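Reader: Before we discuss particular elements, could you show me the sequence and the model, so that I can follow each point against the coordinates?

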Amino acid sequence: MSSETDVSTAATSAIQPPPIEQQEQIDAVIAAHRNESGALIPVLQEVQQLFGYLSQPVLYCIASRMGIPFSEVTGVVTFYSYFTTVPRGKHTVRVCLGTACYVRNGKQVLSDLKNELGIDVGDTTADQQFSLEVGRCYGACGLAPVVMVDDDVHQRVKPARLRELLAPYHKPTSEEDPDE
Amino acid sequence: MSSATREVIICGGGGCVASGALDLVERFRTALAGANGSVRVRTAGCLGPCAQGPVLTIQPDGVFYEAVSGDDVDEIVREHLVEGRVVERLCRPSVTDGKPVPKLADLSFFRHQTKVVLRNCGRIDPVDINEYRATGGYDALESVLKSNSADEVIEMLRVSGLRGRGGAGFPTWKKWEFARDAEGKPKYVVCNADEGDPGAFMDRSILEGDPHGLIEGMAIAAYTIGATQGYIYVRAEYPLAVSRLTKAIDAARSAGILGVSMMGTGIAFNLGIRMGSGAFVCGEETALMASIEGRRGEPRPRPPFPVEKGLWQSPTLLNNVETYANIPAIMANGPEWFAAMGTAQSRGTKVFALAGAVKNSGLVEVPMGTPLGELIYDIGGGITGGKSFKAAQIGGPSGGCIPREHLSVPLDYESVTKLGAIMGSGGLIVMDDDTCMVDVARFFLEFVQEESCGKCVPCRVGTKRMLEILERICAGAGVEGDIETLETLGRQIKDTSLCGLGQSAPNPVLSTIRYFRHEYEAHIRERHCEAGVCPSLVRAPCQSACPAGVDVPGFVSLVGEERYAEALRLHRERNPFAAVCARVCFHTCEDKCRRASLDDSVAIRGIKRFMVDQEIVIQHPRVIENEDNERRRIAIIGGGPAGLSCGYFLARLGYRPVVFEAEQRPGGMLVQTIPAYRLPRETLAREIRMIEQLGVKINTNMALGRDFTLNDLRDQGYEAIFLAVGAPSGMTLSIEGEDAAGVVEANEFLREYNIRGSVPVGKKVVVVGGGNAAIDAARTALRLGAAEVTVVYRRSQEQMPAYAEEIAEALHEGVTLRCLTQPIEVIKGENAAVRALKCSEMALGDFDRSGRRRATEGGGQPFTIEADQVIVAIGQRLDVESVLGELEVELASNGFIKTDQLTGQTSQPWLFSGGDVASGPASVVGAIAAGERAAVGIDFMLTGEDHAFWRMENALDTDYDPDADPVPFPREPMPTVPVERRKWSFEEVELPWNESVALRQCKRCLRCDYGKTPVRKEILYAEAHH
């Protein structure tokens, strides 16, 4: 902990450290990559897997634990589109705009999905249910146009059938867990 | 159940998994639970035909089933596995006769492939190392480790001629030699599996389908160059690939193949996986290495090359997945075996990811040098949905488009590069006529612009500028000079960018400009997107597809509300010949109808037919009287659809043009060659009378060249002349015996019957040709009493230019069609009259410039078809001299008159031209559109202003609920007169619908125009005029 307080200058003092259990998880990930060169990216990938996104406290914690300047960590995180620093919706809807999907009406699918969800690409619906993203090829070109909802691949999507496609994901959490 | 062990092998490639393959595995295991283990159920890697997934094979029977659903499992078990009967329903139909083909080896998709890299994909369980070893896997590594020096391995690679499969095609042996010779320790072996090109999934399928093949290739590389550590850099979007690869590496390590001592030799090699994080630029080798080092994936200048200073400044050998996957096969089978495949410069095979508008999309592997057309048609099965091939995009964002005139290009590094594309890693997207090439270029630019890492200015700023220009063009705000700016910028970016991403980023733009410049020009000058894609230029795809720009959603929705007169007036805003086109139009509107993506296109022509049948009082359009215009003298030569349409639109601007028609009746081809059973004469006469009522004077029996010349008209004070005489002369066969009595030209034959009322007809008639004139002549001859009518055409039926409906009706009426038949001699009988036509059989060969397979000599014995009349319908031409006389007018390369696309103006400022005389033989609606353009052009020349008020789009006041689900009614066919009533009768064949059918059909329209602001299209500016 001492090294962390050492680098906490005025500029970063506003950043609260992540909760202690998160810190422990981060430490475990870093430990698994201890003797590896170039371990920063695998560490970031695994931590994002754990928490869903990379908050500033989490990034700060990773930087100090790995002895890498915070600026460099941020530089890497902002460079790669896989990393996100804001929380995402419960479900991520990804519209493929790879070439095959694009020429098979993917653009229409995207614009209709935007209307259907009422959000733009990169945004999350107000009820935190859906985030909308654009993908560049999931390698399922034979099934174009493709929409991925979380890990489910929906193939040969027809714009007129989008509502049916989203319906199964619409279930509010309260119905699933009536006791809560 | 037979005692022999059988296997159900279910494709476990990404595509089939997405289609439900894993569920199938469970269903089979459950269904076969009581089969005492005599049938084994397992998954294997990608088999290739992803579009028809999930697919499976049953071995050792070699039977292939596609699109298998969970409900089919019981039937397969009962019928095939128990009874031994193939379930034909689930077999792929043959491309030639549609019959089911049970055996995988017999299918066209597989027959034309040669699998080297994909040798194990779809056959073995990808993560089971024992299965891999059972196929001889790791034998090559073992043999290299034990008995070959590094020099020998490099020499074998040199002899094999293997070149890098990542796209650039650098000789692999040279790279390996550099890496081996490089000073420095440790050395690294890296596999680039960051398959970022949209539309490419070759590497994915290898990683998922045969990970051990890749590992073995990398291990051989490590031994050869002396590396101890390797990395496979896989993109994060391929979780299945990562998981299988991880299992395979673990298994290889446990088996002592990887690790401190490869196969007990004491040589160490460790292999790790690094996952990408969604940065396309990391596919560039220096950026990829930066990413493995844990930094931002920015490229750096080369040299030094990675073989000298790579990962952590150490010598690094970097190859693509497919390159490594080739290595074990080359070592096992010998370099000469490999070099025997492909072309002299490009040896071996190449894997392509075939996708887009092709029937059998999926993963295919063919010898280098295979013609593009064979890949698309023989393996890919041709274009989906009856559309035609437009271009193949090859090489992803770094590549380019190959248009239909180059379908015969052999797919090897040099040939593809020569056409402005690149082989790339092998992504091959097939595009049909529904693809806008400007939009495609914009799409790729948007992609590289987003993925540009921003390190160097040409790529960061240059691609941004190019994208802005392309967006402007697609939005209808392009300006003259944009195309040239794109070309200049593109060349500069190519020359000055830091890495491969920037250096190749302009390729999609430059190659589409090279082959589809006219589309860019149409976007800029005419604000027209011929594919119907660019939203700002396309109110509705049907309207955009109509050459005359008729407001299709407008008249369809008005008919749907029973507002028939309004609907007709709206139609006549852009096309006076509503009733004519309701009969003879080739309806490109229906080809582009978006409803087709849901079920089937709206039957627009049928609705139009119903609409015009409701016309009791002829509906005149809006006319603006103008005394100045009334005094000006304009001549129109040719009273066909182009000339009459030009007169119609001029009259609506207040002019009083005069039409000169050579025949005794106006109408041109509509009255001379199109038979009355397709277009009743009173229907045509009525619309011509309407045009006359607007103030167009028609002088018949006045032929250009015979009764007057162009200069005569100028002398008489005509200020502008519209030349629309068509292409009246027929082409000849140029074969022996053509001068025999009874050989006639189709247009002459039809004209004589249609104008004079009778024509001699044989008993056994042979018509030569495949166009509409041929079919019209055949059906006319049949009606006039011919006992046998045969149409011979040298190409295949699909290639016939005649409309499919017409061909179908002709066959229905009893016309015999003999395709792939080329006449070689007319055999004369008594009195030098036709006795028979001698023909030879043709076969389809390679692809010609029109993108169709060339008909070549089939090699069979010539044969004869008895005939007493031969009607020749092989095309029309223009006798330029008889039309122009001594007047100097520039001609286009096809021998027709060169005209401005927007105005119809020729190289003589006062002379305008349109229809067949300018474009070559084309459609009725195309001629109508050309007449409209010339009317606007003539008005513009005379007044300096554009007054075409009808070009303003209309906001519709018809009801439409955008939230309602589409109505479920089907597309309706047109009823027809029974065949037995057609002989000796020229009664109209097509019958109208009743009202309820028509109204229901109207409601099927998806109203693509809904919510769009009406604009005015095709504005003529002073500078557009020269």
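Author: What follows is a set of questions and answers on this predicted model.

Reader: Which pattern does chain A follow when read along the sequence?

Author: Chain A is built from eight helices and four strands. Taken in sequence order, these elements give the pattern α-α-α-α-α-β-α-β-β-β-α-α.

Reader: What percentage of the residues of chain A count as buried?

Author: A residue counts as buried if 20 or more other C-beta atoms lie within 10 Å of its own. Applied to the 180 residues of chain A, this criterion gives a buried share of 31%.

Reader: How do the residues of the side of chain B that touches chain A divide into nonpolar, polar and charged?

Author: The contact draws 33 residues from chain A and 40 residues from chain B. On the side of chain B that touches chain A, the elements that each supply at least two residues are helix 1 (14–18), helix 12 (285–292), strand 11 (349–356), strand 15 (427–432) and helix 17 (437–451). By class, the residues on that side of chain B are five charged, 15 polar and 20 nonpolar.

Reader: On which residue is the kink in helix 21 of chain B centred?

Author: Helix 21 of chain B spans residues 507–526 and bends by about 95°. Its buried residues include Y515(B), F516(B) and E519(B), and the cover over the buried residues of this helix includes helix 17, helix 18 (457–474) and helix 19 (482–496) of chain B. Just after the helix, R527(B) adopts a positive phi of about 50°, while the kink itself is centred on F516(B).

Methods. Residues are numbered from 1 along each chain as its sequence is written. Chains are lettered from A and ligands numbered from 1 in the order in which they are written. This is a predicted model: local features need pLDDT of at least 70, side-chain atom pairs count only at pLDDT 80 or more; totals for chains, interfaces and linings use all residues. Two residues are in contact if their C-beta atoms, placed from the backbone, lie within 7 Å. Ala, Val, Leu, Ile, Met, Phe, Trp, Tyr, Cys and Pro count as nonpolar, Asp, Glu, Lys and Arg as charged, and the others, Gly among them, as polar. A residue is buried if 20 or more other C-beta atoms lie within 10 Å of its own, exposed if 12 or fewer, and partly exposed in between; C-beta atoms are placed from the backbone. The bend at a residue is the angle between axes fitted to the seven residues ending there and the seven starting there.
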